[in-house]
Amino acid sequence: MQIDERRLPVSTMDDEQLGEFMDENGVGLSVDEARKIAGFLGRDPTFTEMHIFNVEWSEHCSYKSSGAVLKKYLHTTGPNVMLGPEEDAGIVFFTEFEGKRYGIVIAHESHNHPSQVLPREGAATGIGGIVRDVDCMGARVIATADPLRFGNPQGENAERTKWIVDGVVEGIWQYGNALGVPNLAGDVYFSDTFDDNCVVNVVALGIVAEEDIIHSAAPPQAADEPHVMILVGKPTDDSGFGGSAFASKILDEEEQAEDRGAVQVDDPFLKNVLLMRKANEAVRDAAKEQGIVIGVKDIGGGGLACGSSELPQAGGFGVEIDLEAVHVALPEMLPETICCAETQERYLLVVPEGFADTVLRIYNEDWDLPNIYEGARASIIGRITTEKNYRLKYQGKIVAECPIDEVTAGISYDRAAEPYEFAGGEPEFDMPDIEAALLEVLADCNGCSRAYIFRAYDSEVQGHAVIRPGEAGAGVMVPLDDCDAAMALAVDGNPFYSDISPYWGGVNAVAEAMRNVAAVGAVPQAMTDCLNFGNPEKPQAFWEFDESVRGLSDAAKNIWLKGYEDTPVPIISGNVSFYNESATGSSVSPSPIIACIGTMPDYSVAVTMQLKAAGDKLYMIGPRKDELGGSGYYRALGHGPGPNVPIVDFELHRNMIYAITDAIQAGHIAACTDISDGGLLVAVSEMMLGSYAKGQLGVSMDLSDVETALRLDKWLFSESGGFVMEVKAGHEDAVAEIMAEYGVELTCLGEVTEESKLAINADDLQAELALDDIRHAWADSLAEILS
């Protein structure tokens, strides 16, 4: 069969001509990369091959700038890891129940560029892609989370920022609510650095029995009996063509209109049938009943080219595909478009040939896909081969024929890193009125309640939620019916710390995520990371990335997995998003975002942050230090960032986390929250208010016995990591004993009162704020800012 004559003319063009030719044809490969491809093929690549390598060698798919750094630093294994980051999602051990070992499946991705260009569609397809990653592992999808970073809603681009916020939130709630998956956690930051590039990260969780895990690889049985590849879902169209390459480029505002074609189009209702209404599960059950091993992979970034090459290659096989067998939505589609378009709601399966008819019947007849969405169906598109080759045929010609290992191997670069030092100094100012300062911090767009955003999300669907968004720093759910074991999820990453020190920004992202999980009573078990940075070809930007990953690693390595001394908390999945930079050279703040999973044996002892009973004592652990660099206090008062970012004491954090989880699980704690953004006073204020600001209890703080060299305002607003806890009456000695066991100093702050106010008594300060004033500043500000 003849090879397609439409070729990338590598052999006949000089570098300048070749570069111009690829630009004209929407190919982001470098000239050197194009010549390398021609070298191992031994000929000029076809147009289809050119586009396949354009996506497979993109930063998004190949990790060509980041792979070496991730390998150097990150710890991805551990005694509780059931599957590390080698597939679409990681799996960490959850619990044993009714004779089965269950794991929590977690995936973490970015959808930044699409969400900047088409906010609703970009965010919705981000949710769609991440739940497919979890579903294709054989798991039941149980939750999502959404860490978000937007531009300044009060800056020069305020109207555009508000449009993006509205679209992103709409996309998340429309897709997640229609799909029937609860939103369990999230966080939001606003900064000028995200004006031209928002950051939209998405997390999905699932639950799976160990015996039901499905791998994204052609099964080994394909060596002994014929196996076929089946495409399931929407008909392939041209949406998202070049999407992975688009995610690996610098955004140019003048090109955004044409970039919109690289954004996928979502359909949560078809996904609902495939995933939540259990069409996929029916296929898995049928295979299990017959003792058949199958491979499953979702089709996301890179489209069919990515999924159809990685699925057989992971099993040590090749594949031959007839692109005319692919069900399509448009007439006369080019083979490269069929191959590389990122049409949503699609899966690939590798199954024994004798099982294929059963698969087709389940999807096309039992679940009637063709009548749920026009053109949707399951189709056999190819055969697995023992020859490790990737061959695509179309209209009587071979449009791609490559060694499959070369297609999936990607390419690697050793980028230069150039360090720099933060140039800002510590601000000097007189101590302000504490009451007015607290209200300023609480009303700031980065200090106020996020209920205006998360109230759009359904957290109750499926009926497993225990602690919902806003009720604590982590969400908690019980994923198995009739089982008391619970899991917690928190997402964190403060970009203002990373602006000052990328290393300590990375450290603090891990430390805060682990503190938030611990504050509900769960023990941190595993993490994922989504690393959002600027242009890796710029040495200072690449240094920011390297430093951040080093910080993540050091924190995971030194806080330890509880019960396993000197064992890092593993990072079991993640993503890297580079080129979050505009054509003007404006880059996002270094943004390492962590999702942390925790577990607890009994959900009934989990605690929220809201105060419970007047007369209970309020305690703090974690000393206050002169660490207000990047703080909410300095920002709200207009004092600039300051250089003194929180420096995490690893041993202290380890002991605090162990102590607080012991105390909560023993039933001694009524309410708890971590100390982070805004410091101690914001933490206490949020405990008084609760998630929807309906709290009525107050706090009387007596600080007259506190010994500190810090000026009082810095002590009250310092963002040094720690915890505030409400100890149940009569349990004070038991809590003190647990803290002493871990060498953690316990500071009494005062007590919970019936009076709806915050009263502060210190040697140099008598302050009093009505709870209604605190409520208005914190609860109403975001709606006022964004409306």
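Biologist: Which is glutamate 33, buried or exposed?
Modeller: Glutamate 33 counts as buried, at 3% relative accessibility. Buried means under 20% relative accessible area, exposed means over 50%, and partly exposed is in between, with a 1.4 Å probe and protein chains only. The areas come from the Shrake-Rupley method with that 1.4 Å probe, and for residues only the protein chains shown count as cover.

Biologist: What kind of model is this?
Modeller: This is a predicted model, where local features need pLDDT of at least 70, side-chain atom pairs count only at pLDDT 80 or more, and totals for chains, interfaces and linings use all residues. Residues are numbered from 1 along each chain as its sequence is written, and side-chain values use heavy atoms, leaving out hydrogens and water.

Biologist: Back to glutamate 33. What forms a salt bridge with glutamate 33?
Modeller: Lysine 64 does, and the closest N and O atoms are 3.1 Å apart. A salt bridge here is a side-chain nitrogen of Lys or Arg within 4 Å of a carboxyl oxygen of Asp or Glu.

Biologist: Where do lysine 64 and glutamate 33 lie?
Modeller: Lysine 64 is in the loop between helix 4 (59-62) and helix 5 (67-73), while glutamate 33 is in helix 2 (residues 31-41). So the pair ties together parts that are 31 residues apart in sequence. Helices (H or I, at least four residues) and strands (E, at least two) are DSSP runs, numbered from the N terminus. Lysine 64 is buried too, with a relative accessible area of 11%.

Biologist: How many salt bridges does the count come to?
Modeller: The count is 39. One of them joins lysine 297 to aspartate 88, with the closest N and O atoms 2.9 Å apart.

Biologist: Which parts of the chain does that pair link?
Modeller: Distant ones, 209 residues apart. Lysine 297 sits in strand 8 (residues 295-298), and aspartate 88 in the loop between strand 1 (81-83) and strand 2 (90-97). Both residues are buried.

Biologist: What about lysine 557 and aspartate 554, how are they placed in helix 22?
Modeller: They are 3 residues apart in helix 22 (residues 539-559), so about one helical turn separates them. Lysine 557 is partly exposed at 35%, whereas aspartate 554 is buried at 15%.

Biologist: Which residues are linked in a network of salt bridges?
Modeller: Lys100, Glu211, Asp212 and Lys288 are linked that way.

Biologist: New topic. How many disulfides does the structure hold?
Modeller: It holds 0. A disulfide needs a pair of cysteine sulfur atoms within 2.5 Å.

Biologist: Now the surface. Which residues gather in a patch of negative charge?
Modeller: Asp14, Glu16, Glu20, Asp23 and Glu24 do. Patches take residues with over 30% relative accessible area and no salt bridge, joining like charges within 9 Å and nonpolar side chains (Val, Leu, Ile, Met, Phe, Trp, Tyr) within 5 Å. Asp and Glu count as negative, Lys and Arg as positive, and His and the chain ends are not counted. Each charge is placed at NZ of Lys, CZ of Arg, CG of Asp or CD of Glu.

Biologist: Where does glutamate 24 lie?
Modeller: In helix 1 (residues 15-24). Glutamate 24 is exposed, with a relative accessible area of 65%.
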